[in-house]
Every structure is written in structure tokens, then in C-alpha cells.
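Here is a short briefing to read alongside the coordinates. Take a moment to get your bearings, and then we can walk through the fold and the interface together.

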Amino acid sequence: MNLKELYQEIILEHGKNPRNLGKVHEFNKDAKGHNPLCGDNVHVYLKLNGQKIVEDISFEGSGCAISMASASIMTDLIKGKNEHEAKEIVEDFLGMIKENPDLKSEYLKDDEKTKLMCLSGVKQYPMRVKCATLSWHTLTSAMDNSKEITNTES
Amino acid sequence: MKIENIKTEFPIFDEKIQNNDLVYLDSANSSQKPKVVADKINEFYTKQFSNVGRSVHYLAVAATNLYENTRSSVQKYINAKDKNEIVFTKGATEALNLVANTLGQKYLNEGDEILITELEHHSNYVPWHFLRKSKNIKINFAEVNDNGDISIEDIEKKITSKTKVIAITHLSNVTGAILPVKEITDLAHSKGIIVVIDGCQGAPHLKLDMQDLDCDFYAISCHKMYGPTGLGVLYGKKKWLEELPPYQGGGGMIREVKKDKISYGDLPNKYEAGTMATAQVIAFDQSIKFMESIGIENIMKHEADLVEYGQELLQKNNSVKLIGSPKNKGGVLSFTLEGVHPHDIATILDEDGVAIRAGHHCCQILHDKLNIPASARASVGIYNTKDDLDKLNDSINNCKKIFNLK
């Protein structure tokens, strides 16, 4: 039962065919993330325009179905949002994965919330939460232009 | 003791783990503990406890005797020449750090070379890397071949006139390759090179004879030998342990301490500073006795049968790719599943009660070489059965079903 919640069709599909995989042309922000426990790596690229709107976003990396699907869904719905909105969505998602029963951000449409909630099954697998959150932490680093590699162990 | 019924000696197999019978295939990581070991820890703390080697009261003397009995048991078990060649450490990691550090202090100089292999666990690489940083020592790597093995020819090829130490694993924790450590030791000694063996996977599964093997150092992890955590053994030839400086300073390792002069104690105290993992050492005696009661030959035969069975089973399973097919293979079955990340495999197997490890198993150099970020690893111990491996295979099939693989 739990496994079915974790490996929903949408997760498997995004894991197998991740969206926005590659490097954004003319990106102006990026950051790398690393999970030393499993060796997963992710590199998030952003193109922010003058109005601080995410014109384009992508990621490179390899990892488990959860981490790939999470990065894929994240990039899909962050595209077109402005920096403020993106940061609130990241916080909302991390809060949901950690403790909140649902998503609250008004910047997320209902269908986007439904998509993100597919990742909530990971809550029952504490060792796997980092797989779902790595790309999101890395997105924050990219927006903050942090030069340090995001590390799930620090 | 009969190996067929050995599971009954391990209380954990009476437990339901998430409503499942436990199929424990993670012994290369750490082994489960027989009741006699857990009972001894309890008995020592509740009936016999005292610190060792210091006070003169009854309990202190009795505890010291128990502690030293384990040293004698280990000496006998690995056929070391002298009881003082057995040093207790907090783990095999500390044992290897002790060797690298003290050789670095006294024996190695800038420009000297250490030869390790691409199979090494980080604990037999990073301590040498410290010397690369602090003393400009060069580290060379013998290369892993397509079978996941290291050939003695490649070792010979990588030895230079500057090679001072060869540090190698006895049994790879990823490919299962059992290295020809005796031949490598003979070769190294013919060139005056010191041999350090990481015996973490060797000691629980292979027959050990230090006098026959003749290596200079051998590191053992006790928690992989059905013993307590927080404990390792360093075997070191007496001449080296006498010649090399201490590793840590503190109580118990000194002879005389003055304001202007300190002299160090005799072996093995010289390397056992501070209060040691006393209860663990004392309980480890039970692990040794437990293994002796089954007999290492029986253990080796049992595990070889399991590996052969598991290899055949997984080879027949399409989508499964086994890592390493060395001629001499220990009880490690590492694999990948086309299209499924090892962490997803481990989570799905866990749901069926099958405990394996996923990741790089502290061998990033090897995984880089194999061009994979991670692998799944099932490893066996004395308590495993062919039924456990069938359950592994069934659970892998379940994994394939979830991921829509054929």
C-alpha cells in the first residue's frame, strides 16, 4: 500500500522521462547539489529576466525515481513564476514534505498542488526525504547565487 | 554447533520487521549478533563491571582478566605469533588510521609511494590521502579488471622503486573479489615493501593465519564478525608495533610522565590510550568462540554455496546485472537493475522485509570506474539460507513489476 503511494504513476513517468533535463541556454544563475549518502548529484540552471521572472529553468543530474521526478515536477511549475513566488513555493513544498499535511501557497494552482502532493508519499520513508528535497534546496542556492555546493548532510 | 539451525541463535530473527520475517542481506555492512554476545554485554555490565588495567580491587582484576582473555582468543583465532601483536581499536577504520598515521610519523618521507587498489573502501584510502596532503606522499592505484578483480600482474606493474607500502583489501565489499594476499605479500616483501591488509570483509568469512600470511598489518572490524560495534582489532607485527610511535596519548599508554620527559608503556598498552571499549572487547570473546564452534571451514563452505546459488539465480533474472565475476568470490552480490536506481530497489525490497544496501558502499573510486553512481548490494552471513536468496529474487521481480520492466 505504502509503496503504491510512493511510486505513483506520475512519479514513475516523470522519473523515466524527466522534463527540462539539460542546460538552459544563456542561464544566469545556477547551483550544484549533492547527496553524499547515495551519491546523487543535481545541477540547477535558471534564466531570470529583468523583472526577476524565471524565464527558463532546467536541471542536469542522475538519481533515483523520486529525485528525478521531484526535479522534473519542480522545474515544470517554477517556470514563469517570479523569484518571490518561486521562493514561497519552495518553502511550501519543503514544509509539506517535512510536516504540513498540505500545500498552502496561493501561487500554486490546484492542479499544480495535486501534482506536488504525489511526492508526499515520501514522508513515510525518512531515509528518502532527501531524495525529494535535493533539487529544491539546490534551486534556493541558485536563486541566492550561492557558490557553495548544496549538501544534504550539512 | 550446526550451521543449518544457526538462525535460532540470533534473537533478531524472532522479531517481525514491519510485519515481515527478516531477510537480512546486509552483513557486509554489519552482521547481526548471536544471543551469547548480547548476553555477555549484559552480564558484564550487571554482574562484573569495572574498568580494566588500573585498580587492584577484585572486580578490576577479574575484568582485566576477561579483557586479556579476548586478546588471547583473537591471537589464537588469527594465529598471530605473539599476544602483544593484537591491539584493540574503536574499529577497523581507526586501525587503518593508526597504521597510516604512525608510518607517516616515522617511516615515510616526501616522495615515497603507497600502492592501493581501485577496490579500496574509503577507510583504506582517506588515511593515506592525509599523508599525501601532509607529507607529499604519492598514492598509486592498481586497476580493477573486467571481472571486478585485481591481478597480481597489475600490482607488480604498479610497484616502483619508491613504493614503501602496499595497502589492499582482503575481500572487496562490492565485487566480492578475494585478493591473492599471500602472493602479494611475498612479492612485496621480496622488494622490502610493507603490506597492510584491510580485513574487514576477510576476517568474518575466511580462514586467517597471520604467521602463514606474513603481512605486516591486518585490520579487523568486530561488528562484521557477529561482535559488538565500536570495536576493531589491529594485528601488527611486533617489530613494527615496537618501532613505530604511539598513535594517541593519554592514560594507560604511558610508563612515566614528568614535566620534561614522557616514556611510553609496553605493547599492547602503548596503542590503547584511555578507557577502551571494555564491554565490547569482553563480549567479542563470545563472537570468536561462536565462530569457532561452527568452524571456519563450515562457514566458508556454507557461504560459498550461497554465493554460487545467488549468482545463478540473479544471472537468470533478465534486467539484473551483477557487478564483478571474480574467480574467487566472497559472499557479496552487488548488482544494478536496468532502469531502476539502487535506492528505489532498496526501498521496495525493504517493504518485503529484504534488507540490502544501496549506494556506493564507501567505494566511490570503484563506482566511478564502473561508471555508475551507485549499486545495490546483497551480502550474506552465516545465518542466511537459499530461501533468503529466493526471497531476494522474488522481491527484485516485484521491483520490476512496479517499474513496468519485463
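Which strands of chain B does helix H3 (residues 92-106) lie across? In this predicted model, helix H3 of chain B lies across E4, strand E7 (163-169), strand E8 (194-198), E9 and E10 of chain B. Its direction runs at about 155° to that of E9(B).

**The seven-stranded sheet of chain B**

- Seven strands of chain B make up an open sheet with mixed pairing, in the order E4-E10-E9-E8-E7-E5-E6.
- Strand E4 (86-89) and strand E6 (138-142) of chain B are the edges; each has a single partner strand, so one side of each is left without a neighbour in the sheet.
- On average, neighbouring strands here are turned by 20° against each other, with direction ignored.
- Within this sheet order, strand E9 (residues 217-221) and strand E10 (residues 232-236) of chain B pair in the antiparallel sense over five bridges.
- To find that pairing on screen, look for B:Ala219, whose bridge partner in E10(B) is B:Leu234.
- Helix H2 (residues 58-77) of chain B also packs on the sheet, where it touches E4 and E10 of chain B. The direction of this helix makes about 120° with that of E4(B).

**The four-stranded sheet of chain B**

- Another open sheet of chain B has four strands in the order E13-E14-E17-E16, and its pairing is antiparallel.
- Strand E13 (320-322) and strand E16 (357-359) of chain B are its edge strands, and each pairs on one side only.
- Neighbouring strands in this sheet are turned by 30° against each other on average, again ignoring direction.
- Strand E14 (residues 332-337) and strand E17 (residues 375-379) of chain B pair in the antiparallel sense over four bridges; B:Val332 has B:Ser379 as its bridge partner in E17(B).
- Helix H10 (residues 296-316) of chain B lies across E13 and E14 of chain B, at about 10° to E14(B).
- Helix H13 (residues 386-402) of chain B lies across E13, E14 and E17 of chain B, and its angle to E14(B) is also about 10°.

**Backbone details in two loops of chain B**

- A cis peptide bond joins B:Leu267 to B:Pro268, with omega near -5°. B:Pro268 sits in the loop between strand E12 (262-264) and helix H9 (278-294) of chain B.
- B:Asn19 is a residue other than glycine with a positive phi, near 70°. You will find B:Asn19 in the loop between strand E1 (16-17) and strand E2 (20-21) of chain B.

**Where chain A meets chain B**

- The contact draws on 18 residues from chain A and 12 residues from chain B.
- Between them, the two chains bury about 1,300 Å², with 58% of it on carbon and sulfur atoms.
- Seven residue pairs are in polar contact between chain A and chain B, counting pairs with both residues at pLDDT 80 or more.
- One salt bridge is found across the interface: the side chains of A:Arg128 and B:Asp344 meet at 2.8 Å, N to O.
- Helix H1 (2-6), helix H2 (9-16) and helix H3 (65-78) of chain A each supply at least two residues of the side that touches chain B. H1(A) gives the most, with three residues.
- By class, this side of chain A has 11 nonpolar, four polar and three charged residues.

Conventions
Residues are numbered from 1 along each chain as its sequence is written. Chains are lettered from A and ligands numbered from 1 in the order in which they are written. Side-chain values use heavy atoms; hydrogens and water are left out. Contact means heavy atoms within 4.5 Å. Buried area is the accessible area (1.4 Å probe) that two parts lose on being put together, summed over both. A salt bridge is a side-chain nitrogen of Lys or Arg within 4 Å of a carboxyl oxygen of Asp or Glu. A polar contact is a pair of N or O atoms within 3.5 Å; within protein, one must be able to donate a hydrogen and the other to accept it, and residues adjacent in sequence count only if both atoms are side-chain atoms. Ala, Val, Leu, Ile, Met, Phe, Trp, Tyr, Cys and Pro count as nonpolar, Asp, Glu, Lys and Arg as charged, and the others, Gly among them, as polar. Two strands pair if DSSP finds at least two bridges between them. Axes are lines fitted to C-alpha atoms, for helices over the stretch in contact, and angles run from 0 to 180 degrees between N-to-C directions.
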